Amino acid sequence: MQNEINHLLYESIESAEIREAQAFDHLAGGVNKQIILFGSGELGRRTSAGLKKIGVDVLGFADNKKEAWGSVIDGIKVFSPEDAAEKFPEAVFVLTIWSAHIGHPLEDVRKQVNSVREAKVISFVYLYWKYPETFLPYWRCDLPHKTIDQFELVSAAFSLWSDEVSRQEYFGQVNWRITGDPAKTTPPVKFDQYFPDDIFTVNSDEVFVDIGAFDGDTLKVFLEKSKSQFKHYYAYEPDPFGYTKLREFVPTLPAELDGKINIEPIGIGSHTEKIMIETPGVYFKILYPEETATHAAKNASGYASVTSRSIDELQFDHIPTYIK
């Protein structure tokens, strides 16, 4: 795998830049193709908004959720995958599903669509490469040449992993960042994220620091794992939407947990500064009305200006035992 990683990284920056610019059109079979977005969730909405911004029309959403069929999301109608394939015989399907639970099911969706007609089914990654000014960076997605430009560090990091599972994961991630192909990424883990039972168990003295607490998803798992027996929980979430959900969830917990969970609407970084974060999607004003985002400066682009602080500056009444 080390040799395979190095082989991927040997590509020149110039070659990678040409490849990333042309990949979508090459896979789609030409330029100016009609587009169906497969997946009407957050990623689908983000993608449709970006395409609208640059003047590229989306014919519709395809989705396996029956309850969504026939609905209109942000001005775009949702079809069953079968109906979309039949109604738009020339359209290219762009997969806009990316989940911690099911991964990026490109092959499954390809088989589903091709059971109706032969169609191009392409990962959203290649579309994002084509329009980087609109879409990138997005989470771990960015242009391949930026990974290749870090050749020495990326290659050296492989030696940090001592077990085969970690090496497979690292190889799959590097391969995906350079090629855009999810085929060699590993399936989502079977254990609860952040709580691998073969490494440790949560105990009653746990002081958990949750950096990027989102809407309390990790907190919910932690409460289950600890059976609500723990010392303290510190949660930090900079995104207005996530923090609002977190703030709504904590008061619903049993009274015996009062005072054991602290939440703050900040990011954590290397030093104190104001940062711009992308909120889920670009529907900032729709998703985050004034009363739900008073701690963030809002604008129409889908970004929020928030405070980021160094973890060294935080005040803990209890010594952390786990920092996520």
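Student: Is Y194 buried, partly exposed or exposed in this model?
Tutor: We are looking at a predicted model, and in it Y194 has a relative accessible area of 31%. Buried would require a value under 20%, and exposed would require one over 50%. The value for Y194 lies in between, so the class for Y194 is partly exposed.

Student: Where in the chain is Y194 found, and what is its phi near?
Tutor: Y194 is found in the loop between α10 and β7. Most residues other than glycine have a negative phi. Y194 is a residue other than glycine with a positive phi, and that phi is near 80 degrees.

Student: What is the phi of D74 near, and is D74 buried, partly exposed or exposed?
Tutor: D74 lies in the loop between β3 (72–73) and β4 (76–79), and its phi is positive, near 55 degrees, in a residue other than glycine. Its relative accessibility is 29%, so D74 counts as partly exposed.

Student: Which residues does I73 touch, not counting residues up to four places away in sequence?
Tutor: I73 is found in strand β3, and at 18% relative accessibility it counts as buried. I73 and S40 are 33 residues apart in sequence, yet their C-alpha atoms are 7.7 Å apart in space. With residues up to four places away left out, I73 touches S40, R45, F61 and V78.

Student: How many aromatic pairs are there, if ring centres must lie within 6.5 Å?
Tutor: A pair of aromatic rings is described by the distance of the centres and the angle of the planes. For counting, the centres of the rings of Phe, Tyr and Trp must lie within 6.5 Å, and by this rule the number of aromatic pairs is 22.

Student: Why is the pair of F195 and Y322 given the class it has, and which class is that?
Tutor: The ring centres of F195 and Y322 are 6.2 Å apart, and their planes stand at 35 degrees. The pair links distant parts of the chain, with F195 in the loop between α10 (164–179) and β7 (207–211) and Y322 in strand β14 (residues 322–323), 127 residues apart. Both F195 and Y322 are buried. Planes under 30 degrees apart would count as stacked and planes over 60 as edge-to-face, so the pair of F195 and Y322 is tilted.

Student: How far apart are the ring centres of F222 and Y233?
Tutor: The pair of F222 and Y233 is tilted, because its planes stand at 55 degrees. F222 is in helix α11 (residues 217–226) and Y233 is in strand β8 (residues 232–236), 11 residues apart. Both F222 and Y233 are buried, and their ring centres are separated by 5.1 Å.

Student: Which residues do ring pairs link into a cluster with Y138?
Tutor: Y138 lies in the loop between α7 (132–135) and α8 (144–148), and it is buried, with a relative accessible area of 10%. Not counting residues up to four places away in sequence, Y138 touches L43, R46, W98, F124, Y128 and E278. Ring pairs link Y138 into a cluster with W98, F124, Y128, F135, W139 and W176.

Student: Which charged residue sits over the ring of F230?
Tutor: In one such arrangement, K220 lies over the face of F249, 5.0 Å from the ring centre. Over the ring of F230, 4.4 Å from its centre, sits the charged end of K260.

Student: Are α1 and α10 roughly parallel or roughly antiparallel?
Tutor: Helix α1 (residues 2–9) and α10 pack with their axes 10 Å apart, at an angle of about 15 degrees. In this packing E4, I5, L8 and L9 of α1 meet Y170, F171, V174, N175, I178 and T179 of α10, and the crossing is left-handed. Angles under 35 degrees count as roughly parallel, and α1 and α10 are therefore roughly parallel.

Methods
Residues are numbered from 1 along each chain as its sequence is written. This is a predicted model: local features need pLDDT of at least 70, side-chain atom pairs count only at pLDDT 80 or more; totals for chains, interfaces and linings use all residues. Side-chain values use heavy atoms; hydrogens and water are left out. Rings of Phe, Tyr and Trp (its six-membered ring) pair if their centres lie within 6.5 Å; planes under 30 degrees apart count as stacked, over 60 as edge-to-face and the rest as tilted. Helices (H or I, at least four residues) and strands (E, at least two) are DSSP runs, numbered from the N terminus. Buried means under 20% relative accessible area, exposed over 50%, partly exposed in between (1.4 Å probe, protein chains only). A charge sits over a ring if NZ of Lys or CZ of Arg is within 6 Å of the ring centre and within 35 degrees of the ring normal. Axes are lines fitted to C-alpha atoms, for helices over the stretch in contact, and angles run from 0 to 180 degrees between N-to-C directions. Angles under 35 degrees count as roughly parallel, over 145 as roughly antiparallel, 65 to 115 as roughly perpendicular and the rest as oblique. A crossing is left-handed if the near helix is turned anticlockwise from the far one by less than a right angle, and right-handed if clockwise. Contact means heavy atoms within 4.5 Å.
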